[in-house]
Amino acid sequence: MHTKDKILVIGSSGQIGTELVHKLRDIYGVDNVIASDIKNTNQAKEGPFEVANVMDAHQLGEVVTRHNVNQVYLLAALLSATAEKMPKLGWELNMQGLFNVLDLAKEKIIERIYWPSSIAVFGPNTPKNNTPQFTVMEPSTVYGISKQAGERWCEYYFHKYNVDVRSLRYPGLIGWQSAPGGGTTDYAVHIFHEAIKNKTYECFLSENTTLPMMYMPDAIKATIEIMQADADKVKVRSSYNLAGISFSPKEIAEEIKKHIPDFSISYKPDSRQQIADSWPQSIDASEASKDWGWKPEYDLKRMTDDMMKNLKQ
Ligand code: VAH
């Protein structure tokens, strides 16, 4: 590892990227974390920022060498609901973006990669409760197919080219500092904004749709922990199961009512219901706990309290 790590976050303006850049800059220093997205955003005012298209290998290589980057967090992707509307772009962006970054490490231009997978790699015939790290995976969405293929390529590049790529299967992520990015779990962020603004929310998933979720501070902690772990502790080189909280729209609505007693929720399932029904309800993350000490800090009550406190300000 370089004594002075230089980090590039691709997709820095997205739901995860926005918070990850802040956290990485706290740890590594503002000038050592270059934010990058396909369009210029206000992050440029807070520190080094590059407009770059992850699908353009030449442009990406130029940014990496100009800043002497040695670590890349690749967060740019089309998420589940969006990729179903644009399957070809979803596959191309999610795969070509990954190959462009993997090849930079294969050519020893960078040393370490973080690439997110998702519980979307699991499909309708995967065991739904306490889904194991190694199990049947037949994803039925473009996004899930791209994440499953991406996991296979990460493991291939690790074994074949000794590329140090690390990955987590994120559940649905909930945070107050950034908007969700076009996924099926986005309802769990929208519900907070609607509850505070309008005291009512029409949910696009049915009331008992339990899904694996996680509060953003836990997701950011896990992301940085796996990237800082000694290489020999990272035994799974496809992608680690990661677990935080599992809940349904009904359960999170009940928790919100403890803060806004006259909050009401209605249900109008749309095409995203079919995606959610293909995913597990809870995840077994014991491999991550065993290999590099993963431990979530937020449960549903603590997350809701923190979301309400921050959003009401
Ligand atoms: C999505 N938020 O809904 C993402 C995530 C597990 C869900 O991958 O597509």
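This report walks through the overall build of the protein and then visits two of its residues.

The model is predicted, so local features are given only where pLDDT is at least 70, side-chain atom pairs count only at pLDDT 80 or more, and totals for chains, interfaces and linings use all residues. Residues are numbered from 1 along each chain as its sequence is written, and side-chain values use heavy atoms, with hydrogens and water left out.

**The whole protein**

Let's start with the big picture. The secondary structure comes to 11 helices and 14 strands; helices (H or I, at least four residues) and strands (E, at least two) are DSSP runs, numbered from the N terminus. The radius of gyration is 19 Å, close to the 20 Å that the globule rule gives for 313 residues, so the protein is as compact as a globular protein of that length. Here the radius is taken over C-alpha atoms, and the rule is 2.2 Å times the number of residues to the power 0.38. Along the principal axes, the C-alpha atoms fill a box of roughly 55 × 45 × 40 Å.

Of the 313 residues, 56% count as buried, meaning under 20% relative accessible area with a 1.4 Å probe, protein chains only. Contact means heavy atoms within 4.5 Å. Among contacts between residues at least 6 apart in sequence, 79% join residues at least 24 apart.

**Two domains**

The protein is divided into domain 1 (7-172 + 215-241) and domain 2 (175-213 + 245-282 + 298-312), with bounds from an automatic or database domain assignment. Their centres, taken over C-alpha atoms, are separated by 25 Å. Where they meet, 28 residues of domain 1 are in contact with 28 residues of domain 2.

**Two residues to look up**

The table places a pair of residues in their secondary structure elements.

| Residue | Element | Residues of the element |
|---|---|---|
| Phe192 | helix 6 | residues 187-198 |
| Ser117 | strand 6 | residues 117-118 |

Phe192 counts as buried because its relative accessibility is 0%. Leaving aside neighbours within four places in sequence, Phe192 is in contact with Ile174, Ile252, Ile256, Thr304, Met307, Met308 and Leu311.

Ser117 is buried too, since its relative accessible area is 1%. Not counting residues up to four places away in sequence, Ser117 touches Lys147, Glu151, Ser167, Leu168, Arg169, Tyr170 and Ser239.

Lys147, one of the residues that Ser117 touches, also gives a sense of distance: the C-alpha atoms of Lys147 and Phe192 are separated by 28 Å, with the two residues 45 apart along the chain.

How values were computed:
Buried < 20%, exposed > 50% of the residue type's maximum accessible area, 1.4 Å probe, protein only.
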